Amino acid sequence: MPVSRRRFGLLLAGTVAATAAVRWFWPRSHVNVVLVTLDTTRADRLGCYGNKTTQTPALDELASRGTLFERAYAAAPLTLPSHASMLTGLWPPEHGIPANGDNALDKSIPTAAELFAKEGYDTAAFVAAFVLDARFGLNRGFQVYNDDLSSATPGPEELDRYRDGKHVVAAAVNWLDERQRTRHSQPFFCWMHLYDPHDPYISHPEQFQSQFDHQLYEGEVSYADVMLGRLLDKLKATGELDRTVVIVTGDHGESLGEHGERTHGYMLHESTLRVPLIISDPRHPQSAGTRIAAPVSLIDLYSTLLDCAGISHSKASGTSLLPAILGEPLSPHSCYSMTDEPYREALWSPLRSIVTDRWRYIRSVQHELYDLTADPHETLNLADQKPDTILELEKELAALESRFTHRDGTVVQMSDHERRVLESLGYTAGQAQEPTEKKDDRPLRDIKEMIGYLNRHDDAAELIRQKQFAPAAEILEEIIKDVPDYYKAMLDLGLCHMLQDRFGEAIGLFQRVLEFNPTSDRTHDMIGFCYLRQKNLESAMKHFLEVLKVRPDSENAHLYLGEINQRQGKFVLARRHYETVLKINPGNNAARAALSALQSGGY
Ligand SMILES: [Zn+2]
């Protein structure tokens, strides 16, 4: 095994007096590492990246003390896949989490936190949103994994829950205080995640009065900077900052309307992939204010985090950025990004992208090629003019993919309530909803042509949330007229009918959805409900049993099956379903009431 940087450091520290020359090689016990991830944060919205609107004094100050990467790219424009890549050093197909809400990280994959903990580090994480809940496996290696959302403000439907950055930073600050009180001498690895810049964008008048009333996103980014500042101030106050490597990045950006995309997840452009990356390492004062122009990927963070602490680790797909901090040239880093969201939406073509010094190539039905030097906002697709460049980059992309070791994540089961929380955040939870195959030979549709329909579908979904079913149905009918295979729009149109008690029409639409996605438990659930309301108990039962095939612990399905059996006089079976509901969720009052009614009737 090669002598790790840490051991070399200890050797030096043991043989040479602690002079300025050996400041680079502190004993491990004195080097802390802090990772801060700013959700949904575009690099070009920060002062240190040239933005004049947002207020980011904490980030700007950090950049002046550290190394700023001008071109850092997320591996996926989605929260969970991107964070999984940072913490494992693997591309999404390699860590097995290509989407939010479906899979947990497989236990065979080492995480940075695990290696820190093995080396005796105290490890703690403070995350702000349900998409990073411990069940998705990024908690592995963290002795403290604070994903407590009890401080979250209920949204209009009490579903869109995430917590304000002030609560996240307060938890992290408490943890640092506690360490100081108990005189912890071990070094620590701490990850703090701030969700504020994610939509919905809200104003923070207590912080900025009306300054960002017309630029809410910029206000949210500025607010996240205030929270970062609180953490850095605490590190300073506890005397830890001078022995702490601080890394701040974003998990992905936000389109803000560019390329027709409103938020993120469905496309692969600079707007959603280029994120801030600042590394401040007080051991290397010569790096202060350095700016690195070469493109790097967030999967490089895994090796970088561990190298900064001198922890040896097996090779990951990413490459350490430490040479850049030491003033050495960086070897070329692969910058691959992927999204399957178009496919998950309606079997549209998934996207893969690769970035070089000059080009971005996006593989789709109609490929895209942008000259990032001349056209940093990617306004001119040069794919038709530059077929040779496309061929060359496609070769590079395919070669990179051929080196992937594909893994599958572990399927995560969620309660009905949790699934609704994810859906309210715009994430469609549940692998069962992902169609398994496309039935006809027509070419896949291209998200570039579908993004307008996707936005209109979002508008309709918002109207449904506001209980404006008729105008929502009107939009959805227009979408389906143009795109007859847009089955998620069909699902929502069925929902509109269902919520207006038009059960026959709803069932017709839901049955069409099942032609595309036969195991969609959500669809079976809604068909079951419609039949139940039509008093067609046998058909209702059939569909609720289909739900249980996919999700055996569905509270809803068991509750309705209890009701159906009860109405059919099958009291033992009814009782069994109600008891199952209470096992899944002891707080389910409907099941408790039904069960006690059965009991008082002598069943
Ligand atoms: Zn995110």
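Guide: Keep in mind that this is a predicted model. Let's begin with helix α20, where the residues covering its buried side include ones from α19 (521-533) and α21 (555-567).

Visitor: Which residues of α20 are the buried ones?
Guide: They are A540, H543, F544, E546 and V547.

Visitor: Why say that the buried residues of α20 line one face of the helix?
Guide: Look down the axis of α20: its buried residues fall within an arc of 145°, so they line one face. On the other side of α20, E538 and K549 are exposed.

Visitor: How do you know that the length of α20 agrees with what a helix should span?
Guide: α20 covers residues 537-550, which makes 14 residues. At 1.5 Å a residue these should span 20 Å, and the end C-alpha atoms are 21 Å apart, so the two agree.

Visitor: Now the strands. Why is β13 called largely enclosed?
Guide: Strand β13 is residues 335-339, and five of the five are buried, so the rest of the structure largely encloses it. C335, S337 and T339 point one way, Y336 and M338 point the other way, and all are buried.

Visitor: What makes β13 and β14 a pair?
Guide: Pairing takes at least two bridges, and β13 has five to strand β14 (residues 351-355), so they pair. The two run antiparallel. T339 sits opposite L351 in β14, and C335 has V355 as its bridge partner.

Visitor: What holds paired strands together in general?
Guide: Strands of a sheet pair through backbone hydrogen bonds, either parallel or antiparallel.

Visitor: How many residues of β14 are buried?
Guide: Five of its five, and β14 is mostly covered. L351, S353 and V355 point one way from β14, while R352 and I354 point the other way, and all are buried.

Visitor: What makes β14 and β15 a pair?
Guide: β14 and strand β15 (residues 359-363) share four bridges, and at least two are needed, so they count as a pair, an antiparallel one. Three residues lie between β14 and β15, and the two strands form a hairpin.

Visitor: Let's move to the open sheet. What is the order of its eight strands?
Guide: The order is β6-β5-β7-β1-β8-β10-β2-β11, with mixed pairing.

Visitor: Why are β6 and β11 called edge strands?
Guide: β6 (144-146) and β11 (290-292) each pair on one side only. Going from one strand to the next, the twist averages 10°.

Visitor: What packs on the sheet?
Guide: Helix α2 (residues 57-65) does, touching β2 (67-69), β8 (244-250) and β10 (277-280). The direction of α2 makes about 55° with that of β10.

Visitor: How do you know that β1 and β7 pair?
Guide: Six bridges join strand β1 (residues 32-38) to β7, and two would be enough, so they pair. They run parallel, and V33 stands opposite F189 in β7.

Visitor: C190 is in strand β7 (residues 188-194). Why is C190 called buried?
Guide: The cut-off is 20 or more other C-beta atoms within 10 Å. C190 has 28, so it counts as buried. Leaving out residues up to four places away in sequence, C190 touches V34, A124 and A172.

Visitor: Which residues have the most contacts inside the largest nonpolar core?
Guide: A172 and M192 do, in a core of 166 residues. Helix α8 (residues 216-237) gives the most to this core, with ten residues. As for A172, its contacts beyond four places in sequence are F126, C190, M192 and L231.

Visitor: V221 is in helix α8. What makes V221 buried?
Guide: V221 has 31 other C-beta atoms within 10 Å, and 20 is the cut-off, so V221 is buried. Not counting residues up to four places away in sequence, V221 touches T41, R45, T54, T56 and P197.

Visitor: How far apart are V221 and R42?
Guide: Along the chain they are 179 residues apart, yet their C-alpha atoms are separated by 8.9 Å.

Terms used
Residues numbered from 1 in each chain as written. Predicted model: local features only at pLDDT ≥ 70, side-chain atom pairs only at ≥ 80, totals over all residues. Buried ≥ 20, exposed ≤ 12 C-beta atoms within 10 Å, placed from the backbone. Contact = placed C-beta atoms within 7 Å. Core = buried A, V, L, I, M, F, W, Y, C linked by C-beta atoms within 7 Å. Axes fitted to C-alpha atoms, helices over the stretch in contact; angles between N-to-C directions. Expected span 1.5 Å × (residues − 1). Arc of directions from axis to C-beta.
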